[in-house]
Every structure is written in C-alpha cells, then in structure tokens.
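Subject: A structure for you to look at

Hi there,

Here is the structure I promised to pass on. Please have a look at it first, and then read my notes below.

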Amino acid sequence: MLSKRSELPPRLATKLSLESLLESAGDAVFRTDRIGRIFYASQHAHNIISAENGLEGSALATHILAEDWTLMQEGLTEALAFGTTCRVNVRLNTTEGILWFELQITAYETDDGQVEFLILCRDIAEQHANEERLRHMATHDELTGLPNRFLLSDRLRMTIAQARRTGVGFSVLALNIDGFKKVNDALGHPIGDILLRVAGERLREALRDVDTLARVGGDEFAAVLPGAVDLNEIQTVARRMISTTQLPFEIEGHLLYVSSSIGVATYPQHGDNEVKLRAHADTALYRAKEGGKSRCVIYDVDKFNLPEHDVSMEAAMFDAVRNGEFRLFYQPIIEARSRQIVGFETLMRWEHPELGSIPPTQFIPMAESNGLINLLGGWALKAACVQIRHFEEAAGRNLYVSVNVSPRQFRNDQFLEVMDDALKLSGLNGSQLLLEITEGILMSDPEHAETLLTAIATRNVRVAIDDFGTGYSSLAYLKHFPISVLKIDRAFIKDLPESIKDVAICNVVLSLASHLNLTTIAEGVENEHQMHFLTKQGCAMIQGFLTGRPLPPADAIEVLKTGVLPTMPVAEHAKLPA
Ligand code: C2E
Ligand code: CA
Ligand code: CA
C-alpha cells in the first residue's frame with residue numbers, strides 16, 4: 001500500500017495525505033470533477049452517506065437537498081472563479097436523516113490541466129441547532145413558544161408589504177384572556193403560566209398555518225390574518241378563538257374557566273402602518289372588554305365617536321410620535337409655608353409644525369381612545385424621572401416629580417414594568433415619584449386598582465387624586481386605597497376667598513385630608529389672595545400660574561438656579577429660600 005502511494009505524483013500524494021488528515025479530524029472528504037461528479041469519497045463519507053451504487057460516479061448534488069442546490073452551485077462557481085476556498089452550508093441526505101453540513105470547496109488544477117474540486121464536509125448540525133435555538137429565543141416567547149412582539153412586528157411589516165403588492169388586505173387581532181388575573185392571583189404564577197401555555201396552544205390551533213399568533217404581554221396575544229378582510233369571516237375566526245379559551249382548563253387538579261375578548265383592525269381601512277393597526281385593534285379590544293367581555297369588536301371610527309375632523313388629527317398624531325413632536329413642560333409646585341419649590345408636575349405638549357402648540361385637553365383623549373397613550377405616557381414617565389435628576393443637580397437638593405396617568409395606562413398590564421423601568425433608568429427614589437390619577441380610575445375597576453396601587457406602594461411611589469372633588473362623591477375609596485395626596489381642583493380655588501361655598505368646600509377637603517393623613521396640593525392658584533387663604537387654612541402645597549406657568553426644562557433649571565419664580569411679585573415673595 002505504502003509503496004503504491006509513493007508512486008503517485010507528488011502533488012496528489014500531498015493531497016491524499018491531507019485528505020486522510022482531514023478525515024481523521026472527522027470531516028468527510030470528496031473530490032469531484034468540474035461538474036461536481038464524485039470520483040473520490042473518503043471512508044467517513046461512505047459511512048455517513050449510503051448510496052446504493054456507491055458514491056463514486058454519482059453527482060454530489062444528488063446527496064444534497066434540492067433546496068440547497070443553488071447554494072452549492074454558487075459555491076463551486078465562486079471557488080473556481082476566485083481560486084479561494086469557499087464555504088456554504090447545505091443539508092445532506094445522510095444515513096441518520098437530513099443534517100446540516102458546512103462544505104469547504106476548493107478548486108485546483110491537476111497536472112494534466114483538469115479542474116477538480118476538493119470538498120470537505122463538516123458536520124455543523126449541532127452548531128446549526130444552537131444558532132437556530134438562539135434565533136428562536138430572540139424571536140419567540142419563552143413560555144408559550146409563540147412568536148414574540150419583535151417577530152410579530154416583522155410579520156406585520158411583511159404582511160403590509162405583501163398587501164400593498166397584491167392589493168389584498170388583512171386583519172390584526174388583539175386578544176386578552178378574561179379572568180386570567182383572578183387565576184394568577186388566586187392560584188399563583190406557575191398555574192397561571194400553564195394556563196397561558198395551553199391557551200396559546202388552543203388559540204394557535206384555531207388559526208390557519210399562514211396566520212401569525214404572538215404573545216405580546218402577560219395575558220395579551222395578537223394575531224395577523226393575511227387575506228382576512230370580510231367582517232363575517234373575521235367574526236367567525238374570532239368566535240372560534242373565544243370559544244376555545246372558554247373550554248375548561250384542567251391544571252394540576254383545578255378545573256379553571258376563563259374566556260377572552262378580541263379587538264380587530266383591518267388593513268387598509270383602519271390603518272396603513274403597524275402602529276395604527278395595533279393601536280386600533282387595542283382600542284377595539286377595550287370596547288370589547290367594556291361591553292361585557294367574551295366578545296369580538298371590530299374597530300369602527302364612527303361607532304367609537306371620534307368627531308370627523310379628528311381623524312386627520314389622529315393620523316397626524318402617529319406621525320408626531322415618529323417625528324418627536326411631543327414635549328414635556330414642568331410646572332413648579334411650592335411648599336405653602338416656605339415657598340420653596342419642592343417638585344414639578346409634568347404636562348405634555350404637542351408642538352405641531354403647522355398648527356403650533358396643541359393643548360393636552362385636545363390630544364390626550366384622542367391618544368386615550370386610539371391607544372397611543374400607553375406609548376406617550378410611558379415615554380413621559382421615563383423622561384420626567386430622568387429630567388428631575390437634572391433639576392436636582394441645578395437646585396442642589398431633592399425634588400419630586402408628578403406625572404399624570406390616564407385610565408387606559410392604569411389598566412395596561414405593562415404599567416408597572418414601565419414605572420420600574422423609569423425608576424431604574426433615572427435612579428430616582430420611588431418616594432420622589434407621584435402619580436396623578438382621577439377618581440374614576442379607582443371606581444371603574446376597584447379590584448384591579450387595589451392590586452396595582454398596592455404594588456405601586458411597595459415601591460414607595462405615591463399616588464395623588466387629581467381634580468379632587470369633581471368626580472365621584474363617594475369618599476369610601478380614600479379609606480380603602482393607599483392614596484397619599486389630594487389635589488384640590490382649580491374649580492374650587494378660582495373664586496377664593498370671595499365665594500362662601502368654595503371656602504366651605506376647601507375647608508372640608510383640607511380637614512378631611514388632615515384627618516386621613518393626606519397631603520394637599522391646591523391647583524390653579526393664580527394670585528396672592530388665594531395663596532394667603534390656602535396657607536392659612538393649612539394647605540400644604542401650592543401650584544398654579546402664581547408659582548409659574550408650565551416651563552420647558554431649560555427655563556425650569558433657570559428658576560431653580562436663581563430661586564426666582566417668574567410670576568411671583570418681586571417685592572413680596574419672589575426671592576425663594578435656597
Ligand atoms: P391637570 O392634570 O389638571 O393639569 C393642570 C392643568 O391646569 C394644566 O393644563 C396646567 O397648565 C393648567 N394650570 C396650571 N396652573 C393654572 C392656573 O393657575 N390657572 C389656569 N387656568 N390653569 C392652570 P394643561 O397643561 O393644558 O393640561 C390639561 C390636562 O391634560 C391636565 O390637567 C391633564 O389632565 C392632561 N395632561 C397633561 N399632560 C398629561 C400627560 O402627560 N399625561 C396625561 N395622561 N394627561 C396629561
Ligand atoms: Ca394633574
Ligand atoms: Ca388637575
């Protein structure tokens with residue numbers, strides 16, 4: 001054997017010993033002619049690929065999956081054209097099934113001028129599986145194995161592009177499991193997790209292969225149904241999804257009953273981009289929940305009472321988010337006795353390039369109805385917490401920040417997460433954050449309010465009742481919920497101290513607050529008479545044009561540095577103690 005090998009031409013001998021070397025390293029080795037026909041296959045190659053008539057003489061391509069032929073052909077061409085070793089990943093038909101291999105293709109010329117290929121096949125099944133696993137982890141939800149919000153976003157963009165090309169629309173569904181929280185709270189997260197996993201499986205089965213079902217939050221799912229535009233058809237699918245979640249869940253000896261609500265938006269009727277479609281599906285979902293749950297509501301501009309002229313405004317709002325036209329202003333809040341600035345309330349502004357400054361009273365309700373409030377509110381919370389740290393630096397002392405939270409934000413599953421992020425991002429103490437909510441929020445879903453407020457309290461974050469006195473007359477909730485601050489509405493302040501009724505109301509509120517150990521902030525204080533009266537009656541803090549109009553951050557920093565409030569009469573009280 002040895003003597004035979006030594007008779008071979010020196011170049012080939014080197015090649016063959018290289019081949020045996022490579023083979024001993026675990027690679028399969030082939031040599032083929034210039035059209036890819038095998039004339040040499042190493043022992044290892046024979047072991048992994050079984051060919052009825054032997055490997056020699058067969059085309060390498062016949063052992064490769066047809067889908068990967070083009071890749072291999074490109075590899076051969078490239079190796080030939082550039083004279084380098086070219087690597088391609090293909091699937092081979094092996095004795096153990098279809099497996100991934102990396103082919104290292106080198107072209108060389110024999111002594112008699114023939115072009116041949118040396119092809120090393122390295123088993124990368126494991127590496128490939130690892131890569132696949134990583135890719136899967138980044139794009140899928142760990143618990144249910146369903147696509148996550150990133151993959152959903154990808155699929156949505158793809159589906160939009162496809163719909164543009166073909167002119168055939170599609171629909172986006174937002175789904176919430178009704179009653180999930182109860183299960184989770186009563187039986188614990190492990191059972192809740194199983195419920196979600198099984199619900200995910202059932203929902204997936206209720207859809208076609210071309211549909212995407214994603215888990216986008218706690219008990220929130222979203223689906224994209226290409227081609228589904230007929231409202232009856234959508235309702236049928238939605239009913240199927242709702243029914244499947246209504247079947248009992250048998251988990252660790254518990255028989256559990258839940259249901260689901262669905263909101264739908266269709267392309268292009270309800271939006272031509274991802275943000276709009278998802279927000280409108282969300283809005284419809286809230287309608288479904290408000291309407292008694294276990295139902296599907298399809299977004300409808302007319303039914304949802306958005307005045308006609310608001311539609312273009314609404315469209316502009318989505319652009320505004322993209323263009324960064326929203327700003328935060330800060331209104332100083334002072335301690336009544338010392339007149340020192342102790343904090344700021346964050347107030348949002350929309351600087352429209354043509355329409356100018358649009359007041360929040362106009363755009364917040366719109367954002368609330370189309371779902372954008374979650375995005376805007378989350379941004380405001382984070383930005384405000386970060387901003388207040390800069391204010392503290394300028395002031396050289398601790399300050400607090402007050403942020404308005406709308407009902408829909410408060411209901412959103414992700415609210416706590418966003419708040420925790422804001423605190424972490426800014427390094428602000430929980431006690432330096434005050435969330436302003438209205439009485440209505442507490443009344444509409446007291447159960448949820450209690451859970452959320454308790455969680456908020458564990459972070460030392462305080463909660464204020466905004467516009468106190470204008471909403472519900474029931475005061476029972478003050479005893480029930482962990483509330484720290486009452487903000488007396490401007491309606492009761494503006495005619496002070498002349499109006500006897502307002503004097504009476506303010507006195508009652510102040511005494512109530514003092515008995516319940518709540519802090520009071522008077523809102524909309526515009527003059528010294530009001531200020532004087534409120535201070536005398538024991539109101540702890542004052543906010544209003546007298547303490548300053550809402551200011552852009554740079555102006556607020558100026559005020560903190562100089563200690564001069566822009567609107568306070570200089571002679572009397574303008575100089576604030578440092
Ligand atoms: P609000 O929370 O009651 O905020 C107080 C409003 O009164 C602000 O109006 C403020 O500029 C105005 N104001 C303050 N002092 C005086 C005063 O002395 N006299 C008078 N006449 N007005 C005064 P703004 O900024 O137009 O905000 C209106 C409402 O929009 C806010 O009422 C709040 O409910 C909502 N809002 C503002 N920013 C946000 C936000 O970031 N998120 C949410 N969810 N709502 C916001
Ligand atoms: Ca407020
Ligand atoms: Ca208010």
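Let me start with one contact: arginine 215 and aspartate 141 join their side chains in a salt bridge, at 2.9 Å from N to O (a salt bridge being a side-chain nitrogen of Lys or Arg within 4 Å of a carboxyl oxygen of Asp or Glu). The two partners are 74 residues apart, with arginine 215 in strand β7 (residues 212-217) and aspartate 141 in the loop between α5 (125-139) and α6 (149-166). Helices (H or I, at least four residues) and strands (E, at least two) are DSSP runs, numbered from the N terminus.

Before going further, some ground rules. This is a predicted model, in which local features need pLDDT of at least 70 and side-chain atom pairs count only at pLDDT 80 or more, while totals for chains, interfaces and linings use all residues. Residues are numbered from 1 along each chain as its sequence is written, chains are lettered from A and ligands numbered from 1 in the order in which they are written, and side-chain values use heavy atoms, leaving out hydrogens and water.

The structure has 21 salt bridges. Another of them pairs arginine 339 with glutamate 528, whose closest N and O atoms are 3.0 Å apart. Arginine 339 sits in the loop between β13 (326-335) and β14 (341-352) and glutamate 528 in helix α20 (residues 528-536), so this contact ties together parts 189 residues apart in sequence. Both arginine 339 and glutamate 528 are buried.

There is also a network of salt bridges linking Glu345, Glu436, Lys487 and Glu523.

Now for the metal. Which residues supply the protein donors of the calcium ion (ligand 2)? They are Glu345 (OE), Asn404 (OD1), Glu436 (OE) and Asp466 (OD), at 2.1 to 2.3 Å from the ion. Donors are N, O and S atoms within 2.8 Å of the metal (3.2 Å for Na, K and Ca); water is not among the atoms, so sites may look incomplete. Aspartate 466 also bridges this ion and the calcium ion (ligand 3), the two lying 3.9 Å apart. Aspartate 466 is buried at 9% relative accessibility, whereas asparagine 404 is partly exposed at 28%.

Enjoy exploring!

Best wishes

Methods
Buried < 20%, exposed > 50% of the residue type's maximum accessible area, 1.4 Å probe, protein only.
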